[in-house]
Amino acid sequence: MTATRWSTLLGLWLVMLVSLPRYWLQHDTTRLALLAILMVAIVVALVAFWRLMASAQRERCPAAIKHLGGCLLIGCLLIGAWHWADVAADHWAVILSQGAALGLLLHVVVRIWRRRH
């Protein structure tokens, strides 16, 4: 298990977390229940993978988490700008969940790109 994989799993958990208000406001109880179950499973996996990680990879996690946070912020800003320019006027919860998903995608692509080059 690497710091990138661990931070990606953490990012997936965060995307699910910020998607909860979206489905709460839409009264979509089925998706809320599925997200809650999956979030618990991911927390269990995060803890297990943390314990299995080598100490060298654990030391790389703060930088990976910082990168993840920056990518999540950039993703939210990009989606917010896109919705503003498109005059879509979606609810803040939709923009937040879509922005977090874009941010996670940016995180993974940039980390893989850096590793290969």
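Colleague: In which helix does Ile95 lie?

Modeller: This is a predicted model, and the protein chain in it has 4 helices and 0 strands, following the pattern α-α-α-α along the sequence. Residues 92-116 form one of these helices, and Ile95 lies in that one, helix H4.

Colleague: Is Ile95 buried or exposed, and at what relative accessible area?

Modeller: Leaving aside neighbours within four places in sequence, Ile95 is in contact with Cys76, Ile79, Gly80, His83 and Asp90. Because buried means under 20% relative accessible area, Ile95 counts as buried, with a value of 19%.

Colleague: How are the axes of H1 and H4 arranged, roughly parallel or roughly antiparallel?

Modeller: The axes of H1, residues 3-25, and H4, residues 92-116, come within 8 Å and cross at roughly 170 degrees. Angles over 145 degrees count as roughly antiparallel, and therefore H1 is, relative to H4, roughly antiparallel.

Colleague: How many nonpolar, polar and charged residues does the contact of H1 with H4 have?

Modeller: On the H1 side the contact includes Leu12, Val15 and Arg22, and these and other residues of H1 meet a set in H4 that includes Trp92, Leu104 and Arg111. Sorted by class, the contact of H1 with H4 has 13 nonpolar, 8 polar and 2 charged residues.

Colleague: Which helix do the buried residues of H2 pack against?

Modeller: In H2, the residues Leu32, Leu35, Met39, Ile42 and Leu46 are buried. An α-helix has 3.6 residues a turn, so residues three or four places apart point the same way. The buried residues of H2 pack against H1.

Colleague: How far apart are the end C-alpha atoms of H2?

Modeller: H2 covers residues 29-52, and at 1.5 Å a residue its 24 residues should span 34 Å.

Colleague: What share of the residues in the protein chain is buried?

Modeller: The C-alpha trace of the protein chain spans about 45 × 35 × 20 Å along its principal axes. Of the 117 residues in the protein chain, the buried ones make up 32%.

Notes: Residues numbered from 1 in each chain as written. Predicted model: local features only at pLDDT ≥ 70, side-chain atom pairs only at ≥ 80, totals over all residues. Heavy atoms only, no water. Axes fitted to C-alpha atoms, helices over the stretch in contact; angles between N-to-C directions. Helix = DSSP H or I, 4+ residues; strand = E, 2+ residues; numbered from the N terminus. Parallel < 35°, antiparallel > 145°, perpendicular 65-115°, else oblique. Contact = heavy atoms within 4.5 Å. Nonpolar A, V, L, I, M, F, W, Y, C, P; charged D, E, K, R; others polar. Expected span 1.5 Å × (residues − 1). Buried < 20%, exposed > 50% of the residue type's maximum accessible area, 1.4 Å probe, protein only.
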